[in-house]
Amino acid sequence: MVGGMELSSSSGGASFEGKFTFYVAVCAIIAATGGLMFGYDIGISGGVTAMDGFLQKFFHNVYVRKHLAHENNYCKYDNQGLQLFTSSLYLAAIIASFLASKSCSKYGRKPTMQAASVFFMAGTVLCAGAVNLSMLIIGRILLGVGVGFANQAVPLFLSELAPAKIRGALNILFQLDVTIGIFIANIVNYFTSEIHPWGWRLSLGLAGVPASILCLGSFIIPETPSSLVERGMLEEGLKMLRKVRGVENVEAEFEEMKQASKMAQQVKHPYRMLMNRPSRPPLVIGMLMQVFQQFTGINAIMFYAPVLFQTVGFKNNASLLSAVITGVVNVVSTIISVLSVDRAGRRILLLSACFLMFIAQTTIGSLLYAYLKTTNSLHKGTAIVVVLLVCIFVMSFAWSWGPLGWLIPSETFPLETRTAGFAFAVSTNMLFTFLIAQAFLSMLCHMKAGIFFFFAAWIFIMGLFAMFLLPETKGVPIDEMNERVWKQHWYWKKFMADKDDAVHDDNFVV
Ligand code: BGC
């Protein structure tokens, strides 16, 4: 028998017994390393694209421009090929997340995570050993397939393994690992930038570490009970449910699991069902959360922090150090989110963040507009204020749009459309991450300081969205969202009226 914290949860009136067992904690920590792979990659790219050894080898014209004394501050890194290095990964991940959703339901969460780690390791080998640009880009594509598979399977795995009462906190473990990955990558870059001319190889090669941990760890973790039941392995599912809950009496939860999976199995076309009117509220919210998460401008900072800090006048090393500081702020503030999301609620975290992020972006924009001309650099004092504002921005993002971008889509879809709906959310996230990664350096070059006002305008819009269109989902059992959230909302209730829409066509097998 595994020891653990006693919990009891209810859904639809039934009461489920269970503990938060040591076994579940270990499995969740192992699975969350999928987030570490994702985060390491986000954090490593910016530093690598600022390293001379890397630029000399693959992007010689950027290297030459970077070292021209009177080069335009805002444009020295603008190069489509260089941006493609960062963004190709996300393009691959858009497609991979749909394949991964198929793999999750057909083969299970565990093999999907194993596949993710293998793709990621293959990509790492190609990138670290790259002798030409094609090898580098193919490596990035393989890494992207790994990220697409992991980002689909890991949050699902965590939500299904967790007792209902602590599902939110375990889900945010994924985002916590994303931020730890970004932070570790920043430190790695800080040291490898000193190793000429091959430090970048070490930076890219160390991505193999989180992938290996996930690969080896995935032999220890189980398949989730729901996935076993979904694929007809009822006895194994029951045994596994007893093991992860740490109690013998799991009948009530097991019954509900069987019912839910029976319903889900009857859905012939989950993607078509997703297009019906009653699916509209969670689908629109799930996708908009991703668009807005990316239009905060977070990845302009995450990918390009070292480049950005060099632009405002820090030297190479000082700029990487500033990126390390934002990395720490990101991790610590995500812990705040874990601790408060189920008490304070989702909306207050999102709204307070919009307020602070708006102020940070507009002030950064104003300072750069006033003081950073095309060929000078900022005074030290102003540059430090810019770094502080970036920290305020990252802190607010990390308790709000970062983790909730993943949490809200995972808790608002009914079971029949949950995997398909989540695949839409993941791929929308990847698409907009790609767009920002690909466009940011060119936008910086053309819009100059105006880019920060561009993001601020989006933040204003998402504040209105959170205020008027986003319902509070704190404490609402996942299967009661339709009744207690969507049907009560002043706008979304219109879509819920004709409930039979979802069932009267050929989406169900009869
Ligand atoms: C986002 C990433 C972002 C990261 C920053 C994640 O939730 O999806 O795009 O880089 O947070 O911590």
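**Exercise 1. Is Ile 461 buried, partly exposed or exposed, by its relative accessibility?**

Solution. This is a predicted model, in which local features need pLDDT of at least 70 and side-chain atom pairs count only at pLDDT 80 or more, while totals for chains, interfaces and linings use all residues. Residues are numbered from 1 along each chain as its sequence is written, and side-chain values use heavy atoms, without hydrogens and water.

Step 1. Take the cut-offs: buried is under 20% relative accessible area, exposed is over 50%, and partly exposed is in between (1.4 Å probe, protein chains only).
Step 2. The relative accessibility of Ile 461 is 41%, so Ile 461 counts as partly exposed.
Step 3. Ile 461 is found in helix α22; helices are DSSP runs of H or I with at least four residues, strands are runs of E with at least two, and both are numbered from the N terminus.

**Exercise 2. Classify the ring pairs Phe 54 with Phe 59 and Phe 295 with Phe 454.**

Solution. Step 1. Rings of Phe, Tyr and Trp (its six-membered ring) pair if their centres lie within 6.5 Å; planes under 30 degrees apart are stacked, over 60 edge-to-face, and the rest tilted.
Step 1. The structure holds 25 aromatic pairs. In the pair of Phe 54 and Phe 59, the centres are 5.8 Å apart and the planes at 40°, so the pair is tilted.
Step 2. Phe 54 is buried at 0%, and Phe 59 is buried at 4%.
Step 3. Phe 295 and Phe 454 are edge-to-face, with 6.1 Å between centres and 75° between planes. Phe 295 belongs to α15 (residues 280-295) and Phe 454 to α22, so this pair ties together parts 159 residues apart in sequence.
Step 4. Phe 295 is buried at 12%, whereas Phe 454 is partly exposed at 26%.

**Exercise 3. Describe the contacts of Arg 140 with Asp 41 and Phe 85.**

Solution. Step 1. A salt bridge needs a side-chain nitrogen of Lys or Arg within 4 Å of a carboxyl oxygen of Asp or Glu.
Step 1. Among the 11 salt bridges of the structure is that of Arg 140 and Asp 41, at 3.1 Å, N to O. Arg 140 lies in α7 and Asp 41 in α2 (residues 33-48), so the bridge ties together parts 99 residues apart in sequence.
Step 2. Both ends are buried: Arg 140 at 0% and Asp 41 at 2%.
Step 3. The charged end of Arg 140 also sits over the ring of Phe 85, 4.7 Å from its centre (criterion: NZ of Lys or CZ of Arg within 6 Å of the ring centre and within 35 degrees of the ring normal).
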